[in-house]
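Look at the sequence and the model below. The paragraphs that follow go through the sheet, the helices and the salt bridges in turn.

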Amino acid sequence: MSAHGGRRGGGHEEAHADERWLLTYSDMITLLMALFIVMWAVSSVNVSKFDQLKASLHSAFSGKVLPDSSSVLTGSTAPFEQPGAPVTPVNPDTTQPAFSMTKISASIQQGAEQADLENLKRLQQRVNSFAARHGFAQDVRTTIQERGLVVHVLTDGVLFDSGSAVLKPAGLELLGEIGKLVDQPDIVNPVSVEGNTDNQPIHSALYPSNWELSTARANAVLEFLLGKGLKPSRASVVGYGAEKPIASNSSDSGRRRNRRVDIVILRRSFSSSKGVPS
């Protein structure tokens, strides 16, 4: 029986001999886990706590805390119970670098917005100068608003006849100059062309209401600008009818100012926030 039992024991060891590698494998996994824990702990350094520890160690081994070259081993008072000024930690509230990526990104964005504004101011000066030299000073008004540079062009006698959306030859020179300005290599801002009318009802078989008339006029101006090189991807068009007046419709002069086409060179930051393609 003993001999038979010995043979059975030997057979069991032989049956499991190929599983000895599991011991080595489990040891390796344990060591790897310990290594990663140590690496994680080292990477998670609290700067504030580290500075406090550095200051405390410096004070503990200085002559001020341990006078007469005494030490804890000789039975002197505990180092951190010595009288004196408290230790001030270095940068106690500093938990991140002074120049973070957020600050750098904000600075870059601010610089880009400033450059964009300078470009719009330069365009405004050139439009005003051209209008003054060519007799359009009373028909063109420019303003820089939150959304960008707005060029108001009155339609009466300049762009269109009453109730018409066909461009007059008198306004082609002005629109041609504006087209050249918005097609410069350093001007990539989106351009919105907006048609506006007064509140007087229109009686036309071609345009049933001021909505259709204002949209048709804006389309006519946009088509001209596209022919001068404005990229379609930068362009948009809208007709507001009489809903966006800039003067009172109770007088002839006010209604004349409201009959206009606005060419808006949008700020790039404004167009991005509003979802306008740039």
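Which residue in S5 does Ser-192 stand opposite? In this predicted model, the residue facing Ser-192 is Val-264 in S5. The two strands involved are S3, residues 191–196, and S5, residues 260–266, which pair in the antiparallel sense over six bridges. In general, the strands of a sheet pair through backbone hydrogen bonds, in either a parallel or an antiparallel way.

S3 and S5 belong to an open sheet of five strands, whose order is S1-S2-S5-S3-S4 and whose pairing is mixed. At the edges are strand S1 (140–144) and strand S4 (235–239), each of which pairs on one side only. On average, neighbouring strands of this sheet are turned by 15° against each other, direction ignored.

Two helices lie across the sheet. Helix H5, residues 169–182, lies across S1, strand S2 (148–154), S3 and S5, and runs at about 10° to S5. Helix H6, residues 210–227, lies across S3, S4 and S5, and its direction is at about 160° to S4.

These two helices also meet each other. Two packed helices are described by the angle between their axes and by the distance between the axes. For H5 and H6, the axes come within 9 Å and cross at roughly 55°. H5 is therefore oblique to H6. The crossing in which H5 passes H6 is right-handed. On the H5 side the contact is made by Leu-172, Leu-175, Gly-176 and Gly-179, and on the H6 side by Val-221, Phe-224 and Leu-225.

Is Phe-224 buried or exposed? Phe-224 counts as buried because its relative accessibility is 18%, and the cut-off for buried is under 20%. Leaving aside neighbours within four places in sequence, Phe-224 is in contact with Leu-167, Leu-172, Leu-175 and Gly-176. The C-alpha atoms of Phe-224 and Gly-179 are separated by 8.3 Å, although the two residues are 45 residues apart along the chain.

The salt bridges come next. How many salt bridges does the structure hold? There are nine salt bridges in the structure. One of them joins the side chains of Arg-147 and Glu-194, at 2.9 Å from N to O. This pair links distant parts of the chain, with Arg-147 in the loop between S1 and S2 and Glu-194 in strand S3, 47 residues apart. Arg-147 is partly exposed, at 21% relative accessibility, whereas Glu-194 is buried, with a relative accessible area of 4%.

Another salt bridge is formed by the side chains of Asp-156 and Arg-259, at 2.6 Å from N to O. This pair too links distant parts of the chain: Asp-156 is in the loop between S2 and H5, and Arg-259 is in the loop between helix H7 (252–258) and S5, 103 residues apart. Asp-156 has a relative accessible area of 24% and is partly exposed. Arg-259 counts as partly exposed at 21% relative accessibility.

Asp-161 is partly exposed, at 43% relative accessibility.

Note on methods
Residues numbered from 1 in each chain as written. Predicted model: local features only at pLDDT ≥ 70, side-chain atom pairs only at ≥ 80, totals over all residues. Heavy atoms only, no water. Pairing = 2+ DSSP bridges. Helix = DSSP H or I, 4+ residues; strand = E, 2+ residues; numbered from the N terminus. Axes fitted to C-alpha atoms, helices over the stretch in contact; angles between N-to-C directions. Contact = heavy atoms within 4.5 Å. Salt bridge = Lys/Arg side-chain N within 4 Å of Asp/Glu carboxyl O. Buried < 20%, exposed > 50% of the residue type's maximum accessible area, 1.4 Å probe, protein only. Parallel < 35°, antiparallel > 145°, perpendicular 65-115°, else oblique. Left-handed = near helix turned anticlockwise from the far one by under 90°.
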